[in-house]
Amino acid sequence: MPKIKTSRVKYPEGWELIEPTLRDLEAKMREAENDTHDGKRKCEALWPIFRISHQKSRYIYDLYYRRKEIKKELYEFCLDQGYADKNLIAKWKKPGYERLCCLRCIQTRDHNFATTCVCRVPKHLREEKVIECVHCGCKGCASGD
């Protein structure tokens with residue numbers, strides 16, 4: 001007879017402190033996913049989803065690395081359960097990527113001439129001063145800005 005899988009998740013200590021914020025962000029995410037995208041370009045429909053995902057990952061990153069308010073067990077639980085993007089957080093820890101908006105902006109296969117996104121160019125080096133990234137709607141995530 002096969003084992004019965006239960007969906008009960010044991011939450012680590014400190015979960016009750018960050019749960020309300022994560023629930024609010026999940027509600028915003030559901031709202032952004034269900035929002036109509038009439039009159040928007042195809043790429044613009046995904047921008048709110050990218051922003052909320054970035055916000056959740058940055059919240060957990062700041063709690064663990066900057067403010068040191070949560071323990072490693074809770075941080076790893078959040079990464080394992082998908083509350084934060086572990087690949088994006090790994091990039092934030094490297095110099096030059098502290099303000100990275102999304103991973104698509106640094107993937108060279110998604111851009112012309114095998115370069116990175118225009119939002120990665122520092123503001124003082126841009127020809128046009130106001131720019132929006134096609135992938136996520138970022139207005140600039142270069143570390144030198």
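Contact here means heavy atoms within 4.5 Å.

## What you're looking at

This is a predicted model, so local features need pLDDT of at least 70, side-chain atom pairs count only at pLDDT 80 or more, and totals for chains, interfaces and linings use all residues. Residues are numbered from 1 along each chain as its sequence is written, and side-chain values use heavy atoms, with hydrogens and water left out.

## Helix H2

Let's start with H2, which runs over residues 47–66. Helices are DSSP runs (H or I, at least four residues), numbered from the N terminus. H2 reaches 26 Å from first C-alpha to last, close to the expected 28 Å; that expected span is 1.5 Å times one less than the number of residues.

Among the buried residues of H2 are Trp 47, Ile 52, Ile 60 and Leu 63, where buried means under 20% relative accessible area with a 1.4 Å probe, protein chains only. Their cover includes helices H1 (15–34), H3 (72–80) and H4 (86–92). Just after H2, Lys 68 has a positive phi of about 55°.

## Helix H3

H3 buries Leu 74, Tyr 75, Phe 77, Cys 78 and Leu 79. H1, H2 and H4 are included in what covers them. After H3 comes Gly 82, with a positive phi near 85°.

## The nonpolar core

A nonpolar core is a set of buried Ala, Val, Leu, Ile, Met, Phe, Trp, Tyr and Cys residues joined through side-chain atoms within 4.5 Å. The largest one has 30 residues, and those with the most contacts inside it include Ile 60 and Cys 119. H1, H2, H3 and H4 each give two or more residues to this core.

Leaving aside residues up to four places away in sequence, Cys 119 touches several other cysteines, including Cys 101, Cys 105 and Cys 133.

Technical notes
Buried < 20%, exposed > 50% of the residue type's maximum accessible area, 1.4 Å probe, protein only.
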